[in-house]
Amino acid sequence: YSQTRDAIGHSEEQVRMNLISQIVPRSIADNDIIHDTLNIAPSDLLGTSDNTLAYRARLKGRVTAVVLEAIAPDGYGGAISLILAIQRNGEIAGVRVVSHNETPGLGDYIDIKKSPWIKGFDGKALKPGEDAAWHVKKDGGQFDYMAGATITPRAVVKAVHKALQYFAENRDKLLAPSRHPENHKDRR
């Protein structure tokens, strides 16, 4: 482990940066997002049982988006790990599946490599009185699903909705200016 620790850490950082670059538009970030982080305590709304990190995108020093990790514990094949970017105004910039054990060919369409389904969250936000919309269409909501595979999208929709609730409840802390300006160096 001691001989491969640095290589493993670098590889994990590259995977994380790749996912973040897919969901945070370069037009809203000029900092080194991967190193501009906040520690997040375990949260029922994020489905986390351990501390995680929130990554912050900045443009000219101002936080423009926050990337959160969330877990959908109730996927058909078990937990579904997600990463999502929420813009300052509360709109989702993007969601990606980090890992899952859903049935290949049936529930795996949540993965961007298999289907554009996950892009259906782009631009969505919490709106007063619209909680009922945060379901799959079969349950009266706004999100598509594949026939025969409703458990998987239900789990993802629920987890994304709860992550937006977490953002709303913690917005001031997540968007607060950093006390450590060196953590948000311009990456140009």
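Two strands count as paired if DSSP finds at least two bridges between them. Strands (E, at least two residues) and helices (H or I, at least four) are DSSP runs, numbered from the N terminus. The model is predicted: local features need pLDDT of at least 70, side-chain atom pairs count only at pLDDT 80 or more, and totals for chains, interfaces and linings use all residues. Residues are numbered from 1 along each chain as its sequence is written, and side-chain values use heavy atoms, with hydrogens and water left out.

Five strands form an open sheet in the order β1-β2-β3-β4-β5, with antiparallel pairing. The edges are β1 (37–40) and β5 (92–99); each has a single partner strand, so one side of each lacks a neighbour in the sheet. Neighbouring strands are turned by 25 degrees against each other on average, direction ignored. Axes here are lines fitted to C-alpha atoms, for helices over the stretch in contact; angles run from 0 to 180 degrees between N-to-C directions.

Helix α2 packs on this sheet and touches β1, β2, β3, β4 and β5. Contact means heavy atoms within 4.5 Å. The direction of α2 makes about 145 degrees with that of β3.

Strand β2 (residues 52–59) is joined to β3 (residues 62–75) by five bridges. Ala57 has Ala65 of β3 as its bridge partner. Two residues separate β2 and β3 in a hairpin, and Lys60 in the turn has a positive phi of about 55 degrees.

Nine bridges join β3 to β4 (residues 78–87). Ile71 is partnered by Ser81 in β4, and Ala65 by Gln87. This pair also forms a hairpin, with two residues between β3 and β4.
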